[in-house]
Amino acid sequence: MKLVLLGPPGAGKGTQAEQLAAAFQVPRIATGDMLREEVRRGTALGGQASAYMRRGDLVPDDLIVAMVERRLSRGDARQGWVLDGFPRTPKQARALDQVASLDAVLYLEVPEDVVVERLAGRRSCPECQAVYHVSYRPPREEGRCDRCGAALVQREDDREEVVRERVRTYRDRTRPLVAHYASSSLLERVDGTGSVEEVSRRLREALRARRLS
Ligand code: AP5
């Protein structure tokens, strides 16, 4: 199973990708998480990426493509994967087309006001990357990760002015991929509003309609 989740920041890509990856027993490959881990470890790649991420811009294509190609060549990716946050530009999409044959691109459609509200309430675990929302998906104990007990944080790029910039970047540079994948019939438009469970159900239905589950 080779799936791509596409959609604006805060559309729920990470939330849904985690469930799909578990259901299909394939890894979820999230470029945002990978980059944040590089920044946390203080690697050269992290150093190059952090300024772009802090201002809501995209990290340059050559860095991202090399990082994803390395990840896709690992043994656990042989049976498939769910890509979350990649590709994000036409150049990244072309690079992916050259190394993989996709089963579907799931496009989560969510209006901008919903996205901003979701990101304002998001809390993330810096240790295991679990994601919560103060109202829609609260942890059992306030401020603590259910999985590993670490203190939850608000992502630096979830401040409102950076969110607005990420949404603009998405509109200008990533949304054109919708047409790219629609033209190859890989695109499934899925309504990303409503509860996490409702969106999961719509995604499963879309995959069933393609005989992928
Ligand atoms: P990245 O981490 O990929 O950020 P993003 O795409 O902006 O996506 P998010 O993680 O913000 O949102 P999401 O859609 O995963 O939503 P989530 O499930 O968390 O990238 C960060 C940065 O890294 C980029 O800005 C860029 O600089 C760089 N980067 C990454 N990939 C790159 C690439 N390929 N090329 C270049 N640069 C790259 O949900 C959001 C919140 O809503 C959560 O709180 C969640 O609990 C809640 N929620 C989810 N679903 C629902 C629902 N149905 N109802 C209510 N609440 C919900």
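Q: What makes the crossing of H2 and H3 left-handed or right-handed in this predicted model?
A: H2 passes H3 in a left-handed crossing. That label applies if the near helix is turned anticlockwise from the far one by less than a right angle.

Q: At roughly what angle do the axes of H2 and H3 cross, and within what distance do they come?
A: The axes of helix H2 (residues 31-41) and helix H3 (residues 44-54) cross at roughly 115° and come within 8 Å.

Q: Which residues meet where H2 touches H3?
A: From H2 you get Gly32, Leu35, Arg36, Glu38 and Val39, and from H3 Leu45, Gly46, Ala49, Ser50 and Met53. Sorted by class, that contact has 5 nonpolar, 3 polar and 2 charged residues.

Q: Why is Asp84 called buried?
A: Asp84 sits at 8% relative accessibility, and the cut-off for buried is under 20%, so Asp84 counts as buried. This residue lies in strand E3. Leaving out residues up to four places away in sequence, Asp84 touches Lys13, Gly14, Ala17, Arg28, Ile29, Ala30 and Thr31.

Q: How do you know that E1 pairs with E3?
A: Pairing takes at least two bridges, and E1 and E3 (residues 81-84) have 4, in the parallel sense. For instance, Leu3 stands opposite Val82 in E3.

Q: Which residues of H6 are buried, and why are they said to be on the same side?
A: In H6 (residues 112-120), Val115, Val116, Arg118 and Leu119 are buried. They cover an arc of only 165° around the axis, which puts them on the same side of H6. The buried residues of H6 pack against strand E5 (122-124), strand E6 (131-133) and helix H7 (160-174).

Q: What makes the peptide bond from Phe86 to Pro87 cis or trans?
A: Omega is near 0°, and the bond is cis. Pro87 is in the loop between E3 and helix H5 (90-99).

Q: Why is Ser185 called exposed, and what about Arg211?
A: Exposed means over 50%. Ser185 is at 53% relative accessibility, so Ser185 counts as exposed; Arg211 is at 76%, so Arg211 does too. Phi is near 60° in Ser185, and also near 60° in Arg211.

Note on methods
Residues are numbered from 1 along each chain as its sequence is written. This is a predicted model: local features need pLDDT of at least 70, side-chain atom pairs count only at pLDDT 80 or more; totals for chains, interfaces and linings use all residues. Side-chain values use heavy atoms; hydrogens and water are left out. Axes are lines fitted to C-alpha atoms, for helices over the stretch in contact, and angles run from 0 to 180 degrees between N-to-C directions. Helices (H or I, at least four residues) and strands (E, at least two) are DSSP runs, numbered from the N terminus. Contact means heavy atoms within 4.5 Å. Ala, Val, Leu, Ile, Met, Phe, Trp, Tyr, Cys and Pro count as nonpolar, Asp, Glu, Lys and Arg as charged, and the others, Gly among them, as polar. Buried means under 20% relative accessible area, exposed over 50%, partly exposed in between (1.4 Å probe, protein chains only). The arc is that of the directions from the helix axis to the C-beta atoms.
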